[in-house]
Amino acid sequence: MRGALEQIYKALRDVGVGYVAYVPGYPITDLAQSLGAEIAVNEKVAFECALGASATGIRSLVIVKQLGMNILADPLVISATHTTGAGIVVLVGDDLGPRGSQIEMDSRFYGPLTELPVLDPAAPGLYRAVTEAFRVSEEYFIPVILRVTSDVLEDASTEAVIREGVPASLQQTPRRFDRSIWDLTAKGRRQRHLAKVLPALSEVSEASVRVELRGDRGVIAAGSVIPMAERVCEETGSSLLAPLYSYPLPWKTIERFLEMHRLVLVAEGPGTFIESHLKDVRGRLTGHLPYGRVKANDLRTALSLIHISDLRGSIEMETAASRPARRSICEGCPFLPLYKALSRIDVPIAGDAGCTILSLRMGAVDMVYGLGSSIGVASGFREKGIAIVGDYALAHTGIQGLINAIWSRKNVLVGVIWNRVAAMTGFQEVFDLEHVLKALMPEMRIVDMPAPEQEIEQILKDELRSHGVSLVLFRGRCTDRST
Ligand code: SF4
């Protein structure tokens, strides 16, 4: 283990974290697996387990991909004023590009939404960021969000040295949840959070920002952009402001920095979280920096053109044809005959995240709204259509769509790709839901794959003719992995 992963590992060891849960996905799978984290069925359950661990005095960490934040948002929002016990941190990996996700999402926006602190470190600062996150969590009895990007996690630089130890407060036995918070009403708990916690966090944020003053031009850099901004600022004689906290931002320091500099460039990723709060600065919104990942040369160019107020031009949009697929369906995939049969059937077909997404380019499915979404989406079709879902996506959140379809007597055909692994994220074993499905739908059909294409097409057509919910399990083993 080197660089970023090593720093996180050592910080968690030094802090004495006793519970680590994760849900696989790019870019956090390698980190979670190298830490020996426990896999959870979905991010909400992972976070709820961590809340329970925290309540009983166990420091805990939840590791999720960016979209996973949307799944755990409900208990996360509540936990801000509910309060917690031992330190609890949500480490979220944002996918710059995006490379392995359906969208590029900026998890820093969960700061203002949840009113919980968000740390946004560069790779060399990870050890400090992890220990700081646990310190703040225990001081204010709240979960802390530690946002890292794919670039930060993939930094294997040996220069990423660890300079600091663990804060003294973390050397004490962690506390348990204190139920005296219930002396306050919901309104009172929020008043406490707004009057005491958030102002204190603003001071913490001000104390951790780094400022290097050089010239009359300045760069505000965040997260993975910081190390390259340091180099470019030195080369060009520009000042640098690098906050550790994205929420709350160190507003007093930022305002002073803006007053002291004639022109300021904001370099962050993937969104415009900081820039969109500021007036008269340059960045992505003014066309000085590109969307997606920022490179050192982008910064140099932006600084050389910083005197021009608006560089926005037309954007050439990336097409599927111009970029080779990162992954395609494996040769000999047992589910290929199903995808071929689907591509010939003329009803709307909702796919799901997972291997099904690979079949988009061959026209097997029409839409993919995210992990576990297909059954719900297909339940809304005007006529009986098809939902294709992997067994991992079904366990993650798709099963609620199935329960809803049965309960509300929807008209939908559900095809489950049953390979007992989360194939797209590293072949993690999937909980066997077969008995649960039989209990829900005793008349479900099982088809062993690979089956002949025409046979599958006939089964699909037969099921589409019947009214109500149909469930077909397509059971097979991945070709490149024995499961
Ligand atoms: S990983 Fe498995 S299910 Fe996915 S395409 Fe390859 S063989 Fe098919």
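Q: At which residues does UniProt place the feature "domain: Thiamine pyrophosphate enzyme TPP-binding"?
A: The structure shown is a predicted model. The UniProt entry, which is unreviewed, places the feature at residues 363-429.

Q: How many residues of domain 3 are in contact with domain 1?
A: The protein is divided into domain 1 (3-208), domain 2 (210-304) and domain 3 (336-475). The C-alpha centres of domain 1 and domain 3 lie 35 Å apart. On the domain 1 side, 9 residues take part in the contact, and on the domain 3 side the number is 10.

Q: Which residues does Tyr 22 contact, leaving aside its neighbours within four places in sequence?
A: With its neighbours within four places in sequence set aside, the contacts of Tyr 22 are Ile 28, Ala 32, Ala 37, Ile 39, Ala 40, Ala 46, Ile 63 and Val 64.

Q: Which strands stand at the edges of the open sheet?
A: The sheet is formed by 7 strands in the order E2-E1-E3-E4-E6-E5-E10, and the pairing is mixed. Each edge strand has a single partner strand, so one side of each is left without a neighbour in the sheet. The edge strands are E2 (38-39) and E10 (245-247).

Q: Which residue in E6 stands opposite Leu 119?
A: Strand E5 (residues 118-119) and strand E6 (residues 144-149) run parallel and are joined by 2 bridges. The residue in E6 opposite Leu 119 is Leu 146.

Q: Which strands and helix do the buried residues of H9 pack against?
A: In helix H9 (residues 226-236), the buried residues are Ile 226, Pro 227, Met 228, Ala 229, Val 232 and Cys 233. Just after H9, Gly 237 takes a positive phi of about 65°. The packing partners of the buried residues are strands E7 (210-212), E8 (217-221), E9 (239-242) and E11 (263-267), together with helix H11 (296-304).

Q: What is omega for the cis peptide bond that joins Gly 269 and Pro 270?
A: Pro 270 is found in the loop between E11 and H11. A cis peptide bond also leads from Gly 97 to Pro 98, with omega near -10°. For the bond joining Gly 269 and Pro 270, omega is about -5°.

Q: Is Thr 83 buried or exposed?
A: Thr 83 lies in the loop between helix H4 (68-82) and E4, and its phi is near 80°, a positive value in a residue other than glycine. A residue counts as buried if 20 or more other C-beta atoms lie within 10 Å of its own. Thr 83 has 23 other C-beta atoms within 10 Å and is therefore buried.

Definitions and conventions
Residues numbered from 1 in each chain as written. Predicted model: local features only at pLDDT ≥ 70, side-chain atom pairs only at ≥ 80, totals over all residues. UniProt positions renumbered as here; feature names shortened; annotations may be inferred. Domains from an automatic or database assignment. Contact = placed C-beta atoms within 7 Å. Pairing = 2+ DSSP bridges. Helix = DSSP H or I, 4+ residues; strand = E, 2+ residues; numbered from the N terminus. Buried ≥ 20, exposed ≤ 12 C-beta atoms within 10 Å, placed from the backbone.
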